[in-house]
Amino acid sequence: MSELTELPVTVAGTARRPLTAVLRSRSGLAGIILTGLLLVVAILSLTGVLPYDATAQDPVHRLAAPSASHWFGTDQFGRDVFARVAAGVANSSLIAVVAVTFATTVGTAGGLIGGFFRRLPDALISGLTNILFAFPPLLLALSLASVFTRTWFTVAVAIAVVYVPIFVRVTRGPVLSLREVEFVRAATSTGESRIAVMLRHVLPNLTSILVVQIALSLSWAVLTEASLSFLGLGTPPPAPSLGSMIFESRTLVSIAPWTMAAPGVVVVLLVVGLNLLGDGLRDVLDPRNRGTR
Amino acid sequence: MVRQLLHHSVVRRGTQMVVTLFGVAVFVFIMLRAIPGNQITAGLGTEAAALTPAQRAALESYYGLDKPLLTQFFGWLGNVCTGNLGVSSRSQQSVLDMTMHSLPVTIELAILSIVLGLVIGVPLGMLSASKPESPRDAIGQTVGLAGLSIPAFLLATALLSVLAQVWGYNPNGRVFAPITQDVLLNLQQMMLPAFVLGFGIAAPIMRTTRTAVLDVRSEDFVRTARAKGVPVRRLYVRHILGNALVPIVTMTGLQFGYLLGGAVVVEQVFSIPGIGRQVLLGIQQKEYAVVQSTVLVIAVAFVLVNLLTDVLYRVIDPRVRAS
Amino acid sequence: MSARTRAARGWIAAVASVAVLTLAACSSPTSSSTPSATTGKPGGSLVIGVTSDPDTLFPWKATQFQAVHLLENIYGTLTEFDKNLNVVPGLATSWDTSADGKTLTLHLRTGVKFDDGTAFDSASVKSSLDAIKNEATAAVARSSLSAVTSVDSTDASTVVLHLTAPDAALPANLATVNMAMLPAGATETALNTTPDGTGPYKLESRKPSQSITLAANTAYWGDAPTLASIEFRVIPDESSIVSALQSGNVQMAVFDDPLVAKTAEGPNVTVTKTPQLSYHVLQLNARRGALTDVNVRLAMQCAIDRQQVLDTAALGEGEVTGPITSPAYKSDPKARPCPTRDLAKAKEYLAKAGKSAGVTIDTIVSQGEYATSVNEAQNLAAQLAEVGITLKLEVLESGAYVDRWIAGDFDAAVALNGGRPDPDGMYGRYFTSTGNLNKVAGYSSPELDALFAEGKATADPAARKAIYTKISDDLENNAAWIWLFTSYTYTATATSVRGYTPMANGSLQSLRSTTVG
């Protein structure tokens with residue numbers, strides 16, 4: 001789960017029209033469609049237009065098989081599985097987006113500062129990164145998630161902490177080389193402040209690396225949230241989470257297989273969609289891959 | 001000169017490792033104490049409310065919770081440096097002893113998973129790379145995508161329930177047999193968890209292989225060899241795979257380090273008494289000594305595996321070798 | 001961490017069951033075929049699947065479910081419960097109370113030996129009881145001996161307990177494994193590796209967090225134990241235990257989730273359900289905020305349909321209950337104010353409290369301790385919302401929940417609390433002003449103090465029953481808490497297992513006469 005994407009530094013703007021290019025790549029298109037569809041369902045669930053509420057219990061109709069009224073059947077409390085899966089996708093996406101945003105911001109800042117200023121800041125940041133790397137990731141998230149009163153937000157922060165070091169590593173190297181590139185040196189010598197140089201000249205050149213890393217991290221974040229919830233340390237109930245739905249369904253699988261199949265298939269589709277999207281972006285943004293697909 | 005440089009980098013690397021491990025120690029120590037509850041409430045639950053102040057004090061002193069935090073920290077770290085990892089007050093077993101039993105289990109599981117991952121991933125990656133954009137590439141890519149996208153806990157749960165409920169086959173329902181005692185049973189018990197983990201690992205290995213092979217294939221010496229009429233199979237095995245080995249080894253090292261602490265979910269579902277479960281149980285029971293020392297052991301192993309990967313990398317990378 | 005860290009759940013059930021003792025008479029089978037009462041051939045080996053290792057082997061500190069029921073088979077107590085949970089002789093063959101009720105004389109069984117060969121006698125009893133009373137031991141049953149001022153051994157087989165006041169509950173209190181008799185001079189550390197008891201089985205081997213094996217104690221004073229060995233095999237994941245039962249690797253397991261039990265049922269596995277003394281309750285803290293007003297509490301009492309909570313959260317598997325759950329003293333759930341849901345009445349009470357605009361109550365809920373907690377809380381919140389009472393739910397992990405519960409830091413708490421056969425043992429510690437859990441109970445009154453004192457001093461069963469009915473009524477009329485329902489445990493056994501009787505206190509004591517194969 002710690003696959004680092006190592007992209008060569010791309011100095012001038014790569015891929016003029018990334019979106020069109022991604023749409024043209026087969027996996028990118030598939031990824032966008034899949035993720036888009038799931039997101040629509042998630043948004044529908046948030047707006048409350050779905051026929052059932054994700055947490056409303058209806059014991060009379062418990063463990064009903066999929067039908068016209070309950071598309072994915074009901075669970076042991078008579079809750080509509082489709083509504084729960086949809087809300088679970090919303091929950092997973094929200095946590096993944098918040099976690100990755102946080103990790104990207106903090107990690108990139110760390111990589112920029114470390115790579116650009118070197119010396120003490122770099123030593124400190126690299127030291128911290130090494131420590132976080134040496135800590136087993138799932139155990140780290142798990143311990144962090146149990147420190148504070150658990151809400152979806154603290155879960156997101158716990159996942160973010162695990163991913164911060166990855167973003168530090170991914171950005172620090174390119175920053176180191178960019179620092180020596182002609183136009184950056186030129187900008188520095190014209191007297192622009194170092195922070196301005198960093199933001200105006202270095203950061204934009206990290207975009208393609210970051211975009212690919214973000215897409216891949218989103219899929220890992222969804223998986224991590226699901227694993228944490230499976231362990232009972234993710235999103236607290238009764239809010240539905242795909243991981244805890246799978247956990248709860250394990251004992252039901254012989255009498256009501258849909259309770260496991262629905263969240264199982266959906267979590268896989270969501271991750272597949274995000275992975276395809278990441279692949280598509282990599283195809284477009286990583287010159288090494290061009291022509292090989 | 002060269003020697004001095006080498007010496008310098010070894011010292012640097014060593015210092016860095018020590019600093020990292022110290023940081024892990026501080027971090028795990030603080031985090032454990034920040035988690036609500038302690039060993040008293042973990043053991044007694046709500047019944048702890050009925051303790052008199054004197055009883056509570058007696059328990060705190062029994063579990064060593066009455067000492068100042070700094071004393072607890074350096075007391076523990078000092079002991080660890082002399083090889084005393086502490087004692088589990090739950091089983092009265094020394095953490096060293098527990099680790100001697102659980103670490104080999106996890107290492108065995110990690111090795112088996114990596115082997116399975118390589119066995120699935122490398123040929124699949126080569127198959128994919130042999131003809132990009134063809135149906136066989138699509139097959140390889142799809143399997144890779146599945147490996148990346150199916151959560152281990154889902155695959156584990158599904159496999160276990162299907163095999164046990166449909167065929168009544170469940171070697172993991174028997175007492176765990178260490179490989180030194182019963183090889184046959186041990187391998188049966190390890191098979192499913194290793195497959196689940198190996199399937200997940202196969203994906204990045206497959207992708208790395210594919211990219212590496214494609215990269216190497218476009219390089220000059222391969223073109224030359226091909227022009228010279230070196231047979232395709234020999235070309236693949238000798239030249240291409242030989243050169244693609246570097247990224248594969250790096251990836252495998254990364255995955256191995258990750259598995260040491262990352263197999264928790266699978267260990268739990270399949271009742272494998274590995275080191276991940278040891279930490280998990282420790283956290284649940286708030287056995288500070290067990291969690292602290294075990295996490296430190298995992299961190300040491302992780303750091304060593306990384307070091308080994310680096311060394312191996314230097315040994316096999318023709319470019320590094322040449323210079 | 002997979003298995004959802006649920007191993008931790010052990011203790012609530014445990015706390016429940018340490019104390020929980022009920023008449024097994026009310027156990028009713030879910031399936032047509034009950035475990036056969038006829039016994040098979042002795043000498044078999046039984047494997048029991050459990051989700052976690054015992055957290056201690058020291059009986060005086062054991063509250064976790066696994067630990068308690070394992071240790072009951074290794075250690076002996078002065079009194080015991082029979083299958084119907086009546087107090088019967090154990091290591092004491094008989095006992096008598098003086099006329100003023102202030103001395104209890106115990107006559108000990110002779111010829112009994114500990115596993116290490118030392119003799120059990122009055123010195124072991126005195127040293128054990130003195131150590132339990134000593135606060136430095138941190139024994140969990142210490143408060144059960146609070147009336148005992150001193151213990152004298154008059155001869156090798158007689159012990160006299162001197163009391164400050166009569167204590168009708170004392171003989172029953174001596175029957176829990178937290179009151180186990182240990183050899184004089186045994187230390188906690190030593191016993192944690194090498195238990196030394198007088199029970200029907202003794203520890204043979206242990207692989208920490210994997211398995212514990214007991215072997216028959218051939219020197220046992222009672223009927224020879226029928227199993228040659230019992231292995232408690234740790235399988236952390238409940239559904240993996242079900243798989244192990246189905247594949248025949250494990251022959252017995254105890255579940256508290258009806259759905260898990262249902263999936264375990266099959267051609268080779270029988271499931272029996274046994275009602276429990278532990279009770280699901282919405283604890284109110286009558287010393288905080290709006291809940292100080294009895295009218296607000298009564299409004300909640302009237303706004304809740306308990307059967308609906310039971311049906312929704314626990315699939316209807318259980319019974320609506322009043323405060324006292326032990327059959328001999330059982331509260332009548334119809335005797336409470338608003339025995340059926342009455343929203344008009346609830347609104348009337350709220351108006352009387354001047355809270356017609358609504359109140360908000362901070363409620364703590366534990367996650368993962370027991371299966372139904374969150375769903376109960378959700379249903380309670382939905383029902384109370386209809387009269388304008390908002391339950392603000394705070395779902396906490398076990399460690400955080402326990403910390404808040406112990407500190408009494410909540411307006412209301414959704415809880416599953418342990419019950420005991422004797423109502424004094426069950427509620428004296430909560431609802432007397434000096435009780436050690438009164439801070440958590442959040443309610444006491446001079447009337448209750450007087451009634452509890454009277455109950456302790458009364459030996460006559462009929463008179464006691466009348467007193468505890470008054471206590472139960474007082475608790476409900478003041479809506480001290482909102483009692484909801486009791487649930488079952490489910491014992492799954494392979495068809496080869498014979499002669500096992502589950503008990504309402506969760507005890508596995510009938511293993512001494514069980515056969516397999």
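**Close-up 1. The contact between chain B and chain C.** Contact, counted where heavy atoms lie within 4.5 Å, takes in 45 residues from chain B and 54 residues from chain C. The area buried between chain B and chain C, that is, the accessible area (1.4 Å probe) that two parts lose on being put together, summed over both, is about 4,300 Å², and carbon and sulfur atoms give 57% of it. On the chain B side, B:Thr46, B:Glu47 and B:Arg90 lose the most area to chain C, together 15% of what that side buries. One salt bridge is counted between chain B and chain C, a salt bridge being a side-chain nitrogen of Lys or Arg within 4 Å of a carboxyl oxygen of Asp or Glu. B:Glu47 forms a salt bridge with C:Arg429, with the closest N and O atoms 2.9 Å apart.

This is a predicted model, in which local features need pLDDT of at least 70 and side-chain atom pairs count only at pLDDT 80 or more, while totals for chains, interfaces and linings use all residues. Residues are numbered from 1 along each chain as its sequence is written, chains are lettered from A and ligands numbered from 1 in the order in which they are written, and side-chain values use heavy atoms, with hydrogens and water left out.

**Close-up 2. The contact between chain A and chain B.** Here 44 residues from chain A and 43 residues from chain B take part, and the buried area is about 3,900 Å², of which 73% comes from carbon and sulfur atoms. The count of salt bridges between chain A and chain B is one. A:Asp279, in helix α11 (residues 258–285) of chain A, and B:Arg207, in helix α8 (residues 183–217) of chain B, meet through their side chains at 2.5 Å, N to O. A:Asp279 has a relative accessible area of 3% and is buried, as is B:Arg207 at 8%; buried means under 20% relative accessible area, exposed over 50% and partly exposed in between (1.4 Å probe, protein chains only).

Close-up 3. Over all chains, 28 aromatic pairs are found, where rings of Phe, Tyr and Trp (its six-membered ring) pair if their centres lie within 6.5 Å, and planes under 30 degrees apart count as stacked, over 60 as edge-to-face and the rest as tilted. The rings of A:Phe230 and B:Phe153 are stacked, because their centres are 4.4 Å apart and their planes stand at 25°. C:Tyr427 and C:Trp483 form an edge-to-face pair, with centres 6.0 Å apart and planes at 90°; C:Tyr427 is in helix α13 (residues 423–431) of chain C and C:Trp483 in strand β18 (residues 481–494) of chain C, 56 residues apart. Helices (H or I, at least four residues) and strands (E, at least two) are DSSP runs, numbered from the N terminus. C:Tyr427 is buried at 1% relative accessibility, and C:Trp483 is buried at 0%.

Close-up 4. C:Asp411 and C:Arg288 form a salt bridge in which the closest N and O atoms are 3.1 Å apart. C:Asp411 lies in the loop between α12 (398–407) and β17 (412–417) of chain C, and C:Arg288 in the loop between β13 and α8 (294–303) of chain C, so the pair ties together parts that are 123 residues apart in sequence. C:Asp411 is buried at 12% relative accessibility, whereas C:Arg288 is partly exposed at 28%. Salt bridges that share partners join C:Arg288, C:Glu394, C:Arg404, C:Asp409 and C:Asp411 into one network.
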